[in-house]
Amino acid sequence: MARLTIGLLKPKKKILGCDIAGRVEAVGRNVKQFQPGDEVFGGNGVGGFAEYVCLTENSLALKPANISFEEAAAVPVAALTALQGLRDYGQIQPEQKVLINGAGGGVGTFAVQIAKSFGAQVTGVCSTMKLDMVRSIGADQVIDYTGEDFTQNRQRYDLILDAAAYRSISDYKRALSPKGIYVLVGGSMALMFRVMLVGPWLSMTGSKKMRTVMAKINKKDLALMKELLEAGKVIPVIDRRYSLSEVPEAIEYLEEGHAQGKIVITVQGQ
Ligand SMILES: NC(=O)c1ccc[n+]([C@@H]2O[C@H](COP(=O)([O-])OP(=O)(O)OC[C@H]3O[C@@H](n4cnc5c(N)ncnc54)[C@H](OP(=O)(O)O)[C@@H]3O)[C@@H](O)[C@H]2O)c1
């Protein structure tokens, strides 16, 4: 489906890279919020793997003062996906039992911390190597998916945010509390289509709900992330840094699917 908008056989926009952080070089006549020299972060879906990028002011916010450009560039899509998935699709509430599947990845590391900032009791699911890291960013419980299947352990969750969705719909339903909400972020495309098709019907006919997230970058949520980052409630987890000329290696590593948090591209001179 994404190919219909981003290009059927190859990307229509040649420069990829969704997230950016940098200094404003110049502004258009109608721009009200920013001026040259401002340090900003955000993104509008393309063009990030470059020294210069042109984008609308609505897709940017001022960079948190306490973090580097590299850390800020790790935030936009992953953090806003986690935020919108938990808050808008998942209707997260304090004290709820929230499970984050894929807790060791880009979206997951933000989701654990954002869910904690809402006052939830958070369980993070990841592989053995990432257990300590997921605990260190605030998860109350961790489950090693190589040894335990959270859909079979009789625990029930009010909200499941799934960044690594590879099980069946009935498995996920079983792990939900009676009024629980399952929010699919990413994983198997087949499952994503199934949840898109069957989810609305399941939600209408029963008390449990199943939804898929389509995150949208916007300045209001970027500004909220700025507050959380400046308050130290969220800290970007960065696995590796690559230079601009190493983008192919960076993507190759990302596509292996086991990065710990985010990887970032460093642009010289920032
Ligand atoms: N809907 C949206 O708007 C939106 C936005 C952004 C991203 N996404 C999608 O969301 C997904 C996650 O993105 P991401 O940036 O977080 O990717 P990522 O950084 O690669 O993280 C995925 C994580 O899933 C873990 N994982 C793999 N198999 C697992 C399993 N069976 N059980 C539990 N965890 C497992 C991996 O960690 P281990 O090393 O522990 O296996 C990895 O850390 C991708 O499919 C991406 O395309 C969707």
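The model is predicted, so local features need pLDDT of at least 70 and side-chain atom pairs count only at pLDDT 80 or more, while totals for chains, interfaces and linings use all residues. Residues are numbered from 1 along each chain as its sequence is written, and side-chain values use heavy atoms, with hydrogens and water left out.

Begin by colouring domain 1 (2-76 + 217-266) and domain 2 (78-212), whose bounds come from an automatic or database domain assignment; their C-alpha centres lie 25 Å apart.

Next, select the interface, where 20 residues of domain 1 are in contact with 19 residues of domain 2, contact meaning heavy atoms within 4.5 Å. Across this interface the rule finds one salt bridge, that is, a side-chain nitrogen of Lys or Arg within 4 Å of a carboxyl oxygen of Asp or Glu. Helix α8 (residues 219-230) supplies five residues, the largest share of the side of domain 1 that touches domain 2. Then show the side chains of aspartate 221 and arginine 87, which meet in a salt bridge at 3.0 Å, N to O.

Finally, go to helix α9 (residues 247-255), in which Val247, Ala250 and Tyr253 are buried, with buried meaning under 20% relative accessible area, exposed over 50% and partly exposed in between (1.4 Å probe, protein chains only). Seen down the axis of α9, the buried residues fall within an arc of 125 degrees, so they line one face of the helix; the arc is that of the directions from the helix axis to the C-beta atoms. Pro248, Glu252 and Glu255 are exposed on the face turned away from the buried side.

Technical notes
Helices (H or I, at least four residues) and strands (E, at least two) are DSSP runs, numbered from the N terminus.
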